[in-house]
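The sequence and the coordinates come first.

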Amino acid sequence: MNIFELLKKDHVKVKQILQDMCETTSRAIKKRQNLLQQLIAELQMHEKIEERVFYPPLKNNNTTRQLTLEAYEEHHAVDDLVKKLAKLEPSDERWLAVLTVIKENLHHHIEEEENRLFLKAQEEIGEQELNSMVQSAQAMKRQEARA
Ligand SMILES: [Fe+2]
């Protein structure tokens with residue numbers, strides 16, 4: 001598996017959790033809480049990998065710098081929205097509204113990464129560095145699984 005496949009696999013997982021969340025009703029309190037915890041755990045791991053392993057060399061490259069800065073900001077924006085969602089009662093009518101904005105933001109972020117940043121990264125980053133990225137990412141995931 002290369003770094004792009006690993007990150008795309010995470011994206012699929014996040015999109016699935018978001019979809020499951022969108023299909024809940026305001027009566028499904030436990031389910032909403034469970035899915036939100038899953039979403040938070042996935043996003044934390046994924047953002048950690050991207051921000052520590054994937055983005056730094058892209059930030060230092062003129063071709064990818066702007067897109068990468070944008071990606072960091074999108075992570076922060078989503079984190080704030082997720083915090084807002086976690087503070088709401090799952091029965092609150094705003095719950096689905098906030099979730100929908102999170103979903104729209106993440107879909108935009110994922111699309112931009114997969115269709116633009118990943119393609120540029122493939123051209124700009126050497127094979128050896130891409131290999132070491134996937135090894136670091138897998139090590140982080142293993143460490144998380146043991147914790
Ligand atoms: Fe991402």
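A residue counts as exposed when its relative accessible area is over 50%, as buried when that area is under 20%, and as partly exposed in between. Glu 89 has a relative accessible area of 55%, so Glu 89 is exposed. Glu 89 sits in the loop between helix 3 and helix 4. Its C-alpha atom is 8.3 Å from that of Ile 29, although 60 residues separate Glu 89 and Ile 29 in sequence.

**Confidence**

The model is predicted. The protein has an average pLDDT of 97, and 100% of the residues score at least 70. Helix 1 has the highest confidence, at a mean of 98. The lowest is found in helix 5 (residues 127-146), where the mean is 95.

**Accessibility and C-alpha distances of other residues**

Leu 36 lies in helix 2. Its relative accessible area is 7%, so Leu 36 is buried.

Because its relative accessibility is 42%, Gln 38 counts as partly exposed. Gln 38 and Leu 18 are 20 residues apart along the sequence, and their C-alpha atoms are 9.9 Å apart.

Glu 5 is placed in helix 1. With a relative accessible area of 44%, Glu 5 is partly exposed. The C-alpha atoms of Glu 5 and Asp 92 are 37 Å apart, and the two residues are 87 residues apart along the chain.

The C-alpha separations are collected below.

| Pair | Separation in sequence | C-alpha to C-alpha distance |
|---|---|---|
| Glu 89 and Ile 29 | 60 residues | 8.3 Å |
| Gln 38 and Leu 18 | 20 residues | 9.9 Å |
| Glu 5 and Asp 92 | 87 residues | 37 Å |

**Helix packing**

Two packed helices are described by the angle between their axes and the distance between the axes. Helix 2 packs with helix 3 (residues 65-87) at an angle of about 160 degrees, and the axes are 11 Å apart. Angles over 145 degrees count as roughly antiparallel. Helix 2 and helix 3 are therefore roughly antiparallel to each other. The crossing of helix 2 past helix 3 is left-handed.

Helix 2 also packs with helix 4 (residues 94-124), here at an angle of about 30 degrees and with the axes 14 Å apart. That angle makes helix 2 roughly parallel to helix 4. Helix 2 passes helix 4 in a left-handed crossing as well.

**Iron site**

Which residues coordinate the iron ion? The donors are His 11 (NE2), His 46 (NE2), Glu 50 (OE), Glu 50 (OE) and Glu 113 (OE), at 2.4 to 2.7 Å. The spacing of these donor residues in sequence is H-x34-H-x3-E-x62-E. His 11 in helix 1 and Glu 50 in helix 2 are 39 residues apart, and the pair links distant parts of the chain. His 11 and Glu 50 are both buried.

**Aromatic contacts**

How many aromatic pairs does the structure hold? There are five aromatic pairs. In one of them, the ring centres of Phe 4 and Phe 54 are 6.1 Å apart and the ring planes are at 85 degrees, so the pair is edge-to-face. Phe 4 is in helix 1 (residues 3-22) and Phe 54 is in helix 2 (residues 29-59), so the pair ties together parts that are 50 residues apart in sequence. Phe 4 and Phe 54 are both buried.

Another pair is formed by Phe 54 and Tyr 55, whose ring centres are 6.1 Å apart and whose planes are at 45 degrees, so the pair is tilted. Phe 54 counts as buried because its relative accessibility is 0%. Tyr 55 likewise counts as buried, at 0% relative accessibility. One aromatic cluster is made up of Phe 4, Phe 54, Tyr 55, Tyr 72 and Phe 118.

Technical notes: Residues numbered from 1 in each chain as written. Predicted model: local features only at pLDDT ≥ 70, side-chain atom pairs only at ≥ 80, totals over all residues. Heavy atoms only, no water. Phe/Tyr/Trp six-rings, centres within 6.5 Å; stacked < 30°, edge-to-face > 60°. Helix = DSSP H or I, 4+ residues; strand = E, 2+ residues; numbered from the N terminus. Buried < 20%, exposed > 50% of the residue type's maximum accessible area, 1.4 Å probe, protein only. Donors = N, O, S within 2.8 Å, 3.2 Å for Na, K, Ca; no water. pLDDT = per-residue confidence, 0-100. Axes fitted to C-alpha atoms, helices over the stretch in contact; angles between N-to-C directions. Parallel < 35°, antiparallel > 145°, perpendicular 65-115°, else oblique. Left-handed = near helix turned anticlockwise from the far one by under 90°.
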